[in-house]
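Visitor: I would like to go through the charged side chains of this model. Could we begin once it is on display?
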Amino acid sequence: SAYVNPFYQNGRTYIAVSGLTNDVQIYELANNTLALRSNFTPDAYHIYASDPGDSTLGSISVHPLGKYLYTFSNEDPVASTPNTSNIWDISDVTRPVKVGSFAVSDLLSGNQISSGVFGGSDLMALPLNNQGFAIYDVSVPARPVLIEHVPVYPTPTAGDYTTGVNAAYW
């Protein structure tokens with residue numbers, strides 16, 4: 001799956017894309033033409049211990065201010081590695097810079113994070129599949145703070161990313 005996030009900066013339209021490879025591409029859209037402005041490999045993708053040939057970036061989200069990009073990796077079902085999401089300053093789209101990270105510590109092994117969805121510029125809802133969703137305060141975009149984790153099933157199942165909250169809309 002590819003994740004596509006349009007965003008705006010200084011009167012210009014950009015599109016961030018991930019999921020085709022372990023890279024993130026940022027394109028500028030002008031005069032009905034896409035021009036590649038950056039292509040970078042964030043360290044928020046995971047190579048699975050169970051299958052080193054299977055690696056995945058997961059999803060991305062762009063903060064409503066258009067200056068921060070969040071990368072979300074998928075949890076390793078075998079190694080039970082922590083799920084770390086990274087934050088990139090993209091105010092210069094040609095030179096993204098990692099400015100922070102946060103752990104989604106209560107995510108069970110084998111589950112995935114879908115793209116975060118923003119409510120204004122202060123809140124982000126993060127779908128956690130059969131574990132429900134989490135709400136983060138992103139009023140300081142480089143330092144998200146968990147407000148609440150809302151479960152949807154009484155007993156979530158590790159490795160089950162086919163049920164539960166797979167997307168959010170604000």
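Visitor: Is R12 buried or exposed, or something in between?
Guide: R12 counts as partly exposed, because its relative accessibility is 45%; buried means under 20% relative accessible area, exposed over 50%, and partly exposed in between, with a 1.4 Å probe and protein chains only. This is a predicted model, in which local features need pLDDT of at least 70, side-chain atom pairs count only at pLDDT 80 or more, and totals for chains, interfaces and linings use all residues. Residues are numbered from 1 along each chain as its sequence is written, and side-chain values use heavy atoms, with hydrogens and water left out.

Visitor: Which side chain meets R12 in a salt bridge?
Guide: That of E28, at 3.8 Å from N to O; a salt bridge is a side-chain nitrogen of Lys or Arg within 4 Å of a carboxyl oxygen of Asp or Glu. The pair links distant parts of the chain, 16 residues apart: R12 lies in strand β2 (residues 12-18) and E28 in strand β3 (residues 24-30). Strands (E, at least two residues) are DSSP runs, numbered from the N terminus.

Visitor: And why does E28 count as buried?
Guide: Because its relative accessibility is 12%.

Visitor: Which residues are linked in a network with E28?
Guide: R12 and R37 join E28 in a network of salt bridges. The E28 and R37 side chains meet at 2.9 Å, N to O, and R37 is partly exposed at 36%.

Visitor: Changing topic, how many salt bridges does the whole structure hold?
Guide: The search finds three. One of them joins D92 and R95, with the closest N and O atoms 3.7 Å apart. R95 is exposed at 59%, whereas D92 is partly exposed at 34%.

Technical notes
Helix = DSSP H or I, 4+ residues; strand = E, 2+ residues; numbered from the N terminus.
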